Amino acid sequence: MENNKEIKELEALLAGKQYTKIRQGLSEYNEADIAAVLEEMEKEDMLKVFRILPKDLAAEVFSYLDVDNEQFVITSLSDKDAGLIVDNLMADDAADLMDEMPANIVKKILANASPDTRRDINHLLRYPEDSAGSIMTVEYVDLKENLTVTEAIDRIRKVGLDSETINICYVLDPHRKLIGTVSLRYLLLHEGEETIGDFMNENVISINTLMDQEEVADLFKKYDFTAMPVVDNENRLVGIITVDDIMDIIEEEATEDIEKMNAILPGDKPYMKTGVLEIWKNRIPWLLLLMISATFTGRIITSFEDALSSCVILTAFIPMLMDTGGNAGGQASATIIRGLSLNDIEFKDAFRVIWKEIRVALLCGLTLAACNFLKLLYVDRVGLLVAAVVCMTLVAAVAIAKVVGCTLPMLAKKIGFDPAVMASPFITTIVDALSLMIYFRFATVLLGL
């Protein structure tokens, strides 16, 4: 859909009160495209168009709106219409909606929802945030192993419309324990009188309700599934998670890691919808911590004030040494943090990682030092000993930065912290202090300061 064109057409149809034409026209488009158009319209026009949509289509479109627009729509609808929208949502989408809304609106919605919807929502809301149970849906197709193919297909026809997916059906025993799966394709390829238990897949990979959503995403990536069953501690099927939910989680986790790696407390809203005060609260804690920790760098410079006064040229190279060390540490930490998040690197690999980074650091440090040595002698025109001090410090700073940059994220993961916390800003502060101490030590020894 070309949004600008569609918006103008919708506004013209609204002005002419051609509601039937709007309903028929929008019914031809995908729900996500309709939601994208509605979000670019004025609030009142968006609400008018939303009310015109058929109830089942309206529920689908509603699930694609952002939180602010969901709240606007649901509070603007009558109690009855709000209840109908929630009844037509998938249970996981309805639970997400409840989680985002103020308590008074939740109370209003639940009061007008059907008993089954209330039960499903309350079932999902009781699980910890970011757990598999909190993101699963309870709409799935379950079968008994003694059903024939014909009976199974009849059941799918009966309950499939209200299920998240019918591609995979889950086979349960009389105690609702998960004992197998069967795909719709296999059902269609087998004879009608065959029994499900004879050809179902008994090697079922499932997810526990309390598993962290990031681990769930890893399992989807590993097995390349479009849906996975969620079971409780007694292996009873309680829901399923589909790949569309996992895509949202991957985006959310990646955003969170990027924010942590840049010393920002993770937020739960897009930038354009986040207020100035909220952004300030997310950024200021780390800025304060890094500012305080950076005072150690100032103390080191002050303690060598006499040495600097007797060889002022040394001061000119402090920013270059600190920046190079910080950049080197940032490269190492970014690589290791990404490796840890993808499970390519584990703590048991620490010595191999450190040994590799030391070798990389020496190659990088010597290359930088060689280039810098020529620049110092022929461009900056400094003495041989000063050039030696700067270049030796450069090699040491890069080596230390690489080791610190690869070690801290692995240690953080080992003790249960998010490795992204140990990213560039934190590592830069440590490397700056160590680089200066080495710099002044070399200067003291070689230049006799």
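Which helix holds Ile358? Select Ile358 and you land in helix 20, residues 350-378. Keep in mind that this is a predicted model.

**Stop 1**

**Stop 2: the cysteines**

Select Cys364 next. It is partly exposed, with a relative accessible area of 30%. Which cysteine sulfur is closest to that of Cys364? Show Cys371: its sulfur is the closest one, at 11 Å, and that is too far for a bond.

Move on to Cys406. Is Cys406 buried or exposed? Its relative accessibility is 0%, so Cys406 is buried. A disulfide would need the two sulfur atoms within 2.5 Å. The count of disulfides comes to zero.

**Stop 3: a jump to helix 13**

Select Tyr186. This residue lies in helix 13, which spans residues 184-189. Tyr186 has 40% relative accessibility and counts as partly exposed. How many Å separate the C-alpha atoms of Tyr186 and Leu362? The separation is 58 Å, for two residues that stand 176 apart along the chain.

**Stop 4: helix 15, end to end**

Select residues 213-223, which form helix 15. Asp212 caps the N-terminal end of helix 15. One of its side-chain oxygens lies 2.9 Å from the backbone nitrogen of Glu214.

Next, colour the buried residues of the helix: Gln213, Val216, Ala217, Leu219 and Phe220. Why do they fall on the same side of helix 15? Look along the axis: they are on the same side because they cover an arc of only 160° around it.

Turn to the other side of helix 15. Lys221 and Lys222 are there, and both are exposed.

Finish at Asp224, the residue that follows helix 15. Check its backbone: phi is positive, near 60°.

Conventions. Residues are numbered from 1 along each chain as its sequence is written. This is a predicted model: local features need pLDDT of at least 70, side-chain atom pairs count only at pLDDT 80 or more; totals for chains, interfaces and linings use all residues. Side-chain values use heavy atoms; hydrogens and water are left out. Helices (H or I, at least four residues) and strands (E, at least two) are DSSP runs, numbered from the N terminus. Buried means under 20% relative accessible area, exposed over 50%, partly exposed in between (1.4 Å probe, protein chains only). The arc is that of the directions from the helix axis to the C-beta atoms. A polar contact is a pair of N or O atoms within 3.5 Å; within protein, one must be able to donate a hydrogen and the other to accept it, and residues adjacent in sequence count only if both atoms are side-chain atoms.
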